[in-house]
Amino acid sequence: MLGEQFMVGEEICGVVVSIRFQEDILSIWNKTAHDQVTTSRIRDTLRRVLNLPPNTIMEYKTHNDSLKDNSSFRNTKITL
């Protein structure tokens, strides 16, 4: 990611922003879904860099789960 703000090495594979009618979706792909320390670091850095309010809903979904239901944003796990 820009400026390597996330300090997770080569963990981040890609990013996309989807502009929607009622909400915008920012998706970040990372290599190791089961590494909770890394996914938490990405989440916390994203909050800090974007200056998100504490009550911002952030969701996480593994690539395999996305493949199963053919969606990157349906049936996500909400993490606060």
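Which residue forms a salt bridge with Asp 44, and how far apart are the closest N and O atoms?

1. Basis. This is a predicted model, in which local features need pLDDT of at least 70, side-chain atom pairs count only at pLDDT 80 or more, and totals for chains, interfaces and linings use all residues. Residues are numbered from 1 along each chain as its sequence is written, and side-chain values use heavy atoms, with hydrogens and water left out.

2. Salt bridge. The partner of Asp 44 is Arg 43, with the closest N and O atoms 2.9 Å apart.

3. Nonpolar patch. Val 15, Val 17, Ile 19, Leu 26, Val 49 and Leu 50 make up a nonpolar surface patch with about 520 Å² of accessible area together. Patch members have over 30% relative accessible area and no salt bridge, and nonpolar side chains (Val, Leu, Ile, Met, Phe, Trp, Tyr) are joined within 5 Å. Strand β1 (residues 12-19) gives the largest share, three residues; strands are DSSP E runs of at least two residues. Val 15 lies in β1 and is partly exposed at 37%.

4. Backbone. Met 7, in the segment before β1, has a positive phi of about 50 degrees and is exposed at 68%. Asn 51 has a positive phi of about 55 degrees and is exposed at 66%. Most residues other than glycine have a negative phi.

Terms used: A salt bridge is a side-chain nitrogen of Lys or Arg within 4 Å of a carboxyl oxygen of Asp or Glu. Patches are made of residues with over 30% relative accessible area and no salt bridge: like charges are joined within 9 Å, nonpolar side chains (Val, Leu, Ile, Met, Phe, Trp, Tyr) within 5 Å. Accessible areas come from the Shrake-Rupley method with a 1.4 Å probe; for residues, only the protein chains shown count as cover. Helices (H or I, at least four residues) and strands (E, at least two) are DSSP runs, numbered from the N terminus. Buried means under 20% relative accessible area, exposed over 50%, partly exposed in between (1.4 Å probe, protein chains only).
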